[in-house]
Amino acid sequence: MYLPPHDPHVDDPMRFKPLFRIHLMERKSATVECMYGHKGPHNGHIQIVKKDEFSTKCNQTDHHRMSGGRQEEFRTWLREEWGRTLEDIFHEHMQELILMKFIYTSQYDNCLTYRRIYLPPSSPDDLIQPGLFKGTYGSHGLEIVMLSFHGKKAKGTKITGDPNIPAGQQTVEIDLAHPLQLPDIENLRDFSELSRIVLEVQGQVRREEQEREQQQEEEHSQQAASQPASPLGDGAEGEETAAGAEGTTQDKAPASQPFVLPMGVISRNEDYPRTCRICFYGTGLIAGHGFTSPERTPGVFVLFDDDRFGFIWLELKSFSLYSRIKVSFQNAQAPSREAFDEMLKNIQSLAT
């Protein structure tokens with residue numbers, strides 16, 4: 001298991017923790033050992049469910065227990081997972097979230113189902129190399145997100161989740177057709193100014209979506225009547241093309257520009273870059289505990305360099321910093337773009 005570094009140090013390397021091991025014996029037989037817990041390897045079982053999927057089961061879960069009971073297990077988990085003690089965490093809401101995560105993860109006792117994930121395919125037109133990133137998520141700590149590109153959209157899909165947004169959900173979506181021109185550094189400190197800019201673009205995006213929907217409805221009605229497209233339909237399409245061309249010309253941004261978080265925006269990591277390459281309008285997914293009442297809210301995607309980006313959650317007044325995972329995973333490339341897209345759909349359906 002690859003664990004993120006301790007919150008909020010996104011630039012630190014991933015941590016590695018073995019969960020099971022297989023001893024291949026003679027005559028095609030094998031023994032399986034569970035590595036979970038602190039009492040050493042013990043008897044386990046592995047079952048191949050179907051292609052690209054298998055399950056593990058611990059046959060001696062008493063090896064996972066500690067003499068001090070659940071309290072000792074929680075304190076040990078907290079020290080290993082978060083690099084701190086309960087006394088270090090003063091925020092009551094954060095204590096609640098951490099306890100929820102411990103209860104949720106410890107109940108499985110290393111009886112888990114594994115499904116293959118592919119790394120996202122890349123193309124020369126991508127903004128940066130797609131891949132896996134560590135990101136700060138407030139009181140939830142660090143989580144793993146997969147950044148992938150889909151034409152004029154970029155998607156950040158959660159590989160690890162939390163009590164609010166589970167793994168498999170699309171945590172951020174970046175609209176690459178709508179770059180944002182940030183104000184100068186002094187005005188950028190004013191949250192209301194940034195909010196005004198973002199909400200203006202949000203209104204523009206919604207109008208364009210309505211125009212596209214209206215145009216599609218007109219085309220469908222024309223096809224149903226078996227009539228050729230009207231000049232009005234051609235004009236609407238021309239406007240969309242012009243808007244797309246305008247978006248393309250806006251992509252020509254300076255090599256770097258000064259960047260600072262607006263006053264009042266909370267960041268777990270204050271050590272974020274003070275220059276950025278380009279910003280885009282985007283949306284971020286927020287929800288209550290148990291993924292209740294999910295909604296997409298406006299935000300700002302900030303590209304710092306080839307290995308780091310950020311996202312300002314406008315409604316939460318919060319900032320997430322993401323740093324590339326530089327682990328070399330073997331045989332993880334998708335065989336095709338279609339196979340990768342299918343995998344994204346599958347992990348999202350599992351989460352819901």
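Colleague: Which residues have the most contacts inside the largest nonpolar core?

Modeller: A nonpolar core is a set of buried Ala, Val, Leu, Ile, Met, Phe, Trp, Tyr and Cys residues joined through side-chain atoms within 4.5 Å; buried means under 20% relative accessible area, exposed over 50%, and partly exposed in between (1.4 Å probe, protein chains only). In this predicted model, local features need pLDDT of at least 70, side-chain atom pairs count only at pLDDT 80 or more, and totals for chains, interfaces and linings use all residues. Residues are numbered from 1 along each chain as its sequence is written, and side-chain values use heavy atoms, with hydrogens and water left out. The largest core has 26 residues, and those with the most contacts inside it are L180, F259, V300, I312 and F319.

Colleague: Which element gives the most to this core?

Modeller: Helices (H or I, at least four residues) and strands (E, at least two) are DSSP runs, numbered from the N terminus. At least two residues of the core come from each of α4 (191-224), β15 (278-288), β16 and β18 (318-324). Helix α4 gives the most, with 6 residues.

Colleague: Which residues of α2 are buried?

Modeller: An α-helix has 3.6 residues a turn, so residues three or four places apart point the same way. In α2, the buried residues are M94, L97, I98, F102 and S106. They lie on the same side of α2 because they cover an arc of only 150° around the axis, taken from the directions from the helix axis to the C-beta atoms. E92 and Y104, on the other side of α2, are exposed.
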